[in-house]
Amino acid sequence: MKKKLANVFITIVAGVFMTFLIIKIMPGDPVMILANELRSSLGISEADAINRAVAMLNYDPSQPLIQQIGHFISHLIRGDLGTSIRFRTPVVDIVLSALPWTLFSAGTATILSYMVGTQIGLFVAWSKNKKMNTITEMLTSIIGSFPDYVIGFFLVSVFAVQLAWLPSRGAYASRVVVGFNVPFLWSVLIHGLLPIAAIFIVYLANWILNMRGSAMNVMHQEYIKYARARGLSNNIIRKKYVGKNARLPMITTLGTTFGMLLGGAPLIENIFSYPGLGYYLNTAIAVRDIPLMQGMFFMIIVTVVGANFIVDSLYGLLDPRLRKGK
């Protein structure tokens, strides 16, 4: 466990370091951008504006690169990610406000697509119907080839524009009172249907194909033949032998998928103006908001590494063959 935690720490530090370097070589100077805005809005001198911009961003381009990285990491450890140039708000506050929305939309879509997709994939593989397998493979390949933002545009044009059944923008209606009440929760659910559906449809196809292939591979294993020889029912073999073992390789993919989606689906959230991590990341890139970019990239790194760590830890519990001493 200590080795795993050390690997997690090293991976996060390396990811933060690489992210800092990538953003560093991007064109544009965030200090001068913010300093010019401060000069025009406050009417202060250039030197004073630059000093204020450096203090707000926790970033001084005049420092040596190693010192800049050390300065950034020292503030990161204290939970200070700087101030957003675009929103003039601490990046930590933006991240904390956006995270629940991404957890709700991406998390729900990932879990539902996994549950439904693995069940369909298992059913198709178990049926051994060539026609059903061919049709399933064709449909899932076609749907899975479409990017999620294309599915998003299609859903908006049909259900929000043509039929006007569902809202296409925002996380909840402006007229509802934010809080734990039925109108607010219903509004959140209705506004989240289209973003969730867009992610669900694309990943559903992937889960069906992956589970179908994994189940077909398990069905040819010797322990399946042994289970049949013992006289076990098809229902028990399908659920406890084929289904359980076929899902094991899917666990790793689930962790990676969940981590990436939790890091933000910029195009999907931008289409629906959904205030999650991806929406703010897309906004930060568009306006060269360096502190906000760094904060969002940091969240992506942490969620992906964290999700893989959790999956790696759970894998030994789910698969007895990997437990020590067994």
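Is Tyr279 buried, partly exposed or exposed? With a relative accessible area of 24%, Tyr279 is partly exposed, where buried means under 20% relative accessible area, exposed over 50%, and partly exposed in between (1.4 Å probe, protein chains only).

## Basis of the model

The model is predicted: local features need pLDDT of at least 70, side-chain atom pairs count only at pLDDT 80 or more, and totals for chains, interfaces and linings use all residues. Residues are numbered from 1 along each chain as its sequence is written, and side-chain values use heavy atoms, with hydrogens and water left out.

Helix α12 covers residues 277-287; helices are DSSP runs (H or I, at least four residues), numbered from the N terminus. Among its buried residues are Leu277, Gly278 and Tyr280, and Tyr280 has a relative accessible area of 15%.

Helix α5 (residues 91-127) packs against α12 at an angle of about 130°, with the axes 7 Å apart. This makes α5 oblique to α12, a term for angles that are not under 35 degrees (roughly parallel), over 145 (roughly antiparallel) or 65 to 115 (roughly perpendicular). On the α5 side, the contact (heavy atoms within 4.5 Å) includes Ile94 and Val95.

## Aromatic pairs

The structure holds 7 aromatic pairs, defined by ring centres within 6.5 Å. One of them, Tyr172 with Phe184, is edge-to-face (planes over 60 degrees apart), at 5.2 Å centre to centre and 65° between the planes. Tyr172 is partly exposed at 32%, whereas Phe184 is buried at 10%.

Methods: Helices (H or I, at least four residues) and strands (E, at least two) are DSSP runs, numbered from the N terminus. Axes are lines fitted to C-alpha atoms, for helices over the stretch in contact, and angles run from 0 to 180 degrees between N-to-C directions. Rings of Phe, Tyr and Trp (its six-membered ring) pair if their centres lie within 6.5 Å; planes under 30 degrees apart count as stacked, over 60 as edge-to-face and the rest as tilted.
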